[in-house]
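My entries follow in the order I made them.

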Amino acid sequence: MGSISALPESTIKRILSINTPFFEFGVVNSWKSLLPLIGVCRTWRRIGLPLVYKDVFIDNTNHASIGCVQWRTNVNLILANNLVHLVKNLYIDLNDHSCMCLFLSNANKTFGFDDHRWANVEMLTVKYYENMFIDKVTTIGDERQKTMAPQMKAFADAIVKNMPGITRLKLSTFKRNSLGDIFSNTLANSFASQLYLIKSLKAISFTVPRLGANITHLNLWLDPNSEQLLPLINAESLHCIHLFAVPARFSWKYFYSESSEDGCINFRNLMHLRLEFTEESNDIDYCGCRPPTTESDECTKFRVLFPKLELLRIDNSPRSSDIFYDNKYPEHLKRIEINYSIGAMEMLRQSNIKSFDNFEFYSHFIHLDDEDIFYRSTNHFFGSETHKSNSRMTLNGLQFELDVRRLEWPMLTELLIFGSCEYQTMYALIEKLPLLGKIAVGDLSFNNIPETKLLMGPDSQHAVPQRYLETKIQQIHIFNTSGSQCYSNLGANCIQYLLLQMRSVCELSAYDCDWLNLPEFVHQYKGWFPHLGKIVVNL
């Protein structure tokens with residue numbers, strides 16, 4: 001039998017790769033799990049060393065109770081063994097002002113920048129969240145940041161000089177953090193021409209005219225007050241776009257497509273698109289028609305192509321529909337998610353999208369003036385012509401009563417109503433939506449329920465439902481109850497009788513609803529109605 005060291009190198013590398021944990025902040029010793037494997041023999045060590053030491057970390061460990069400020073890191077180990085050339089990813093997580101001060105004062109020594117050049121580092125991930133409230137909102141915090149600004153700039157410049165191969169940047173800090181501005185702006189602009197990925201939870205002030213032609217992932221917060229929201233970006237190389245705090249004046253003019261004709265932007269490789277507009281752009285009174293445009297507005301309109309798009313998410317409302325002016329999507333998408341915007345729903349209704357696998361719509365304060373648009377757009381997306389496997393709608397703050405007669409949602413699988421909903425409306429929804437698997441109601445109201453005979457007992461003829469409901473609902477959640485007939489026998493009878501009609505239900509959650517007497521009801525009737533025996537009741 002051959003030696004284990006005689007295995008093909010590809011097999012050894014596969015074994016080691018499977019056992020290499022993904023780095024995550026707070027689990028700084030996960031890399032040690034590979035040490036026994038690289039001790040098998042010289043071959044395994046040679047192949048495994050790049051996996052063990054590909055990640056270098058500096059993790060904050062501030063213990064205020066004992067007045068000890070320090071951090072955990074494997075930088076010293078890597079320097080001592082002269083393994084800097086193996087490092088691919090650098091992770092820095094410092095969430096305390098004192099720790100950051102100490103770190104910046106010793107950064108050059110910590111990384112050995114005088115003797116070592118970390119030329120093979122490709123990804124830099126930095127999390128800087130000062131945990132002292134005083135540093136985030138008071139002038140004392142601002143003054144502390146000002147005193148550290150020169151050190152932060154020097155550290156950023158040192159990274160640019162000694163880690164010239166960085167192509168992926170992930171930067172996280174408070175939005176109100178001048179040190180974060182210095183660090184993020186310096187790195188983003190210095191590496192702009194070579195970045196494949198950039199992610200920042202803080203707006204970056206770009207001073208470069210354009211990003212590199214090979215950018216694939218763009219995940220940025222924008223500054224709505226900035227004169228230039230973005231530099232020019234190659235649309236054809238992008239695979240993923242996530243933009244946050246997008247102002248109403250946003251336009252596709254920041255993207256270019258060299259292989260396309262003038263006025264056409266082709267995101268030929270884009271698969272994920274998420275746009276989160278500023279809340280100021282939210283629907284107040286949505287108008288289905290675009291407002292009249294001026295001559296200067298016309299230059300912001302483009303014919304935009306998304307031939308490979310799979311996931312589309314829009315948060316808040318684009319005040320103008322210019323960015324949807326002439327967009328061409330695939331006819332089928334894997335997932336669409338629309339939050340807080342009936343306007344975006346209506347705009348996409350008029351697009352060329354015909355079907356999707358998953359659709360999620362979260363509404364927020366849809367006004368009476370938009371009632372027709374609400375039914376028109378939701379009937380389109382949850383109707384029978386759009387084939388999908390999962391679809392979820394959350395209705396929050398409707399300014400009109402839901403009219404079951406006007407809705408056509410045969411493909412809806414999950415419905416959540418945060419607000420008042422009459423029992424009779426809920427009952428009608430359950431009757432009308434054949435694929436519904438879950439329904440949740442924030443406030444179930446019992447008003448104007450026709451008088452019916454109460455359940456007298458399992459042996460009574462009145463306990464036998466006249467018919468069973470053809471439904472697939474497995475979960476019912478009731479968060480609150482109200483109404484003139486709440487807490488009455490008639491109100492309890494409605495829910496109990498509904499359960500007798502629904503043989504598919506497996507779980508019923510009713511908060512602060514002891515008056516429904518559901519556990520006793522299920523125990524009493526499950527002998528005559530076996531499907532009650534599988535229902536889990538949570539009160």
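**Entry 1: terms and ground rules.** I count two strands as paired if DSSP finds at least two bridges between them. Helices (H or I, at least four residues) and strands (E, at least two) are DSSP runs, numbered from the N terminus. The model is predicted, so I note that local features need pLDDT of at least 70 and side-chain atom pairs count only at pLDDT 80 or more, while totals for chains, interfaces and linings use all residues. Residues are numbered from 1 along each chain as its sequence is written, and side-chain values use heavy atoms, with hydrogens and water left out.

**Entry 2: the whole protein.** I find 14 helices and 24 strands. Of the 539 residues, 51% are buried (under 20% relative accessible area with a 1.4 Å probe, protein chains only; exposed is over 50%, partly exposed in between). I looked up contacts next (heavy atoms within 4.5 Å). Among contacts with a separation of 6 or more, 67% are between residues 24 or more positions apart.

**Entry 3: an open sheet.** Three strands form an open sheet with parallel pairing, in the order S11-S13-S15. From one strand to the next the twist averages 15°. S11 and strand S13 (residues 303–305) run parallel and are joined by three bridges.

**Entry 4: S4, S5 and S6.** Strand S4 (residues 123–128) pairs with strand S5 (residues 168–173) in the parallel sense, over six bridges. Lys 170 in S5 stands opposite Thr 125. S5 also pairs in the parallel sense with strand S6 (residues 197–200), over four bridges. There, Leu 169 has Ile 198 in S6 as its bridge partner.

**Entry 5: helix H11.** Is helix H11 largely enclosed or left open? Eight of its eleven residues (371–381) are buried, so H11 is largely enclosed by the rest of the structure. Among the buried ones are Ile 373, Phe 374, Tyr 375 and Phe 381. The cover over the buried residues of H11 includes helix H10 (342–349), strand S17 (355–362) and S18.

I then checked how H10 and H11 pack. Their axes come within 9 Å and cross at roughly 55° (axes are lines fitted to C-alpha atoms, for helices over the stretch in contact, and angles run from 0 to 180 degrees between N-to-C directions). H10 and H11 are therefore oblique to each other (under 35 degrees is roughly parallel, over 145 roughly antiparallel, 65 to 115 roughly perpendicular, the rest oblique). H10 passes H11 in a left-handed crossing (the near helix is turned anticlockwise from the far one by less than a right angle; clockwise is right-handed). Residues of H10 that meet H11 include Ile 342, Met 345 and Leu 348.

**Entry 6: Ser 391.** Ser 391 is found in strand S18 (residues 390–396). Is Ser 391 buried or exposed? Its relative accessibility is 2%, so Ser 391 counts as buried. The side chain of Ser 391 reaches the backbone oxygen of Met 411 at 2.7 Å. Leaving aside neighbours within four places in sequence, Ser 391 has contacts that include Phe 359, Phe 382 and Met 411.

How values were computed. Polar contact = N/O pair within 3.5 Å; in protein donor to acceptor, adjacent residues only side chain to side chain.
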